Amino acid sequence: MPHRPFGSMERTAAFYQRLGSDFEVVSRPGDYAIAERGSLEVQFLRYEGLVPARSCFGYALRVGDAARLHTEFSSAGLPGAEIPRITPWEHESWGPCECPVIDEGGSLVRVGQELETSPASWLERTGQALHD
């Protein structure tokens, strides 16, 4: 379960609610929160001094229907530049397609399709892609 930092509870809640998540502040004075969207869950910890433009935080979400999630996120009206933003699909040479989203805290959220192959097959394709 990914944990990501936040600087502003209000901006974090607004962003994830905009993407269709239920957002719950779990602790007082608001140093810890959880966003849930279906079976996806992301946990948040306060990070004092977080500068979104300099953030090097990130995590990946693998879902069963990434195209549907990308469409839903795109309908939230996020820009294609700046922070936050949603970018077009990236087709990775080693398999899945991913949709990078930068959240309001500058964290990179890579939303991708679950692999439909066995781990051995994935490793074989990954090794081939590295040598191509």
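On a 1 Å grid over the protein atoms alone, a cavity is a set of points where a 1.4 Å probe fits but cannot get out, and lining residues have an atom within 4 Å of a point. I looked for such spaces in a predicted model, where local features need pLDDT of at least 70, side-chain atom pairs count only at pLDDT 80 or more, and totals for chains, interfaces and linings use all residues. Residues are numbered from 1 along each chain as its sequence is written, and side-chain values use heavy atoms, without hydrogens or water.

**Entry 1: the cavity.** I found one cavity of 30 Å³ or more. The largest cavity holds about 140 Å³ of space; a volume here is the space filled by probe spheres set on the points, which are joined across faces, edges and corners. It has 16 lining residues, and Tyr 16, Ser 21, Val 42, Leu 61 and Phe 73 are the closest to its centre. I noted that α1, β3, β4 and β5 each give two or more residues to the lining. Helices (H or I, at least four residues) and strands (E, at least two) are DSSP runs, numbered from the N terminus.

**Entry 2: the four-stranded sheet.** I traced an open sheet in the order β1-β4-β3-β2, with mixed pairing. Two strands count as paired if DSSP finds at least two bridges between them. β1 (3-6) and β2 (22-25) are at the edges with a single partner strand each, so one side of each has no neighbour in the sheet. Neighbouring strands are turned by 25 degrees against each other on average, direction ignored. Axes are lines fitted to C-alpha atoms, for helices over the stretch in contact, and angles run from 0 to 180 degrees between N-to-C directions. Helix α1 (residues 9-18) packs on this sheet and touches β1, β2, β3 and β4 (40-46). Its direction makes about 155 degrees with that of β2. β2 pairs with β3 (residues 32-37) in the antiparallel sense over four bridges, and Asp 22 stands opposite Glu 36 in β3.

**Entry 3: the core.** Which residues have the most contacts inside the largest nonpolar core? I listed Tyr 16, Phe 23, Phe 44, Phe 73, Val 101 and Val 109, in a core of 24 residues. Such a core is a set of buried Ala, Val, Leu, Ile, Met, Phe, Trp, Tyr and Cys residues joined through side-chain atoms within 4.5 Å. Buried means under 20% relative accessible area, exposed over 50%, partly exposed in between (1.4 Å probe, protein chains only). α1 gives the most to this core, with four residues. I then checked Phe 73: beyond four places in sequence, its contacts (heavy atoms within 4.5 Å) include Leu 19, Ile 86 and Val 101.

**Entry 4: helix α2.** His 70 is in α2 (residues 66-74). His 70 is buried, at 15% relative accessible area. Ser 74, also in α2, is partly exposed at 33%.

Entry 5: β5 and β9 pair in the parallel sense over six bridges, with Leu 61 as bridge partner of Val 111. Five of the six residues of β8 are buried, so β8 is largely enclosed by the rest of the structure. β8 and β9 pair in the antiparallel sense over five bridges. Their hairpin has five residues between the strands, and in it Gly 106 takes a positive phi near 90 degrees.

Terms used:
On a 1 Å grid over the protein atoms alone, a cavity is a set of points where a 1.4 Å probe fits but cannot get out, and a pocket is an open set with protein on both sides within 12 Å along at least five of seven lines; lining residues have an atom within 4 Å of a point.
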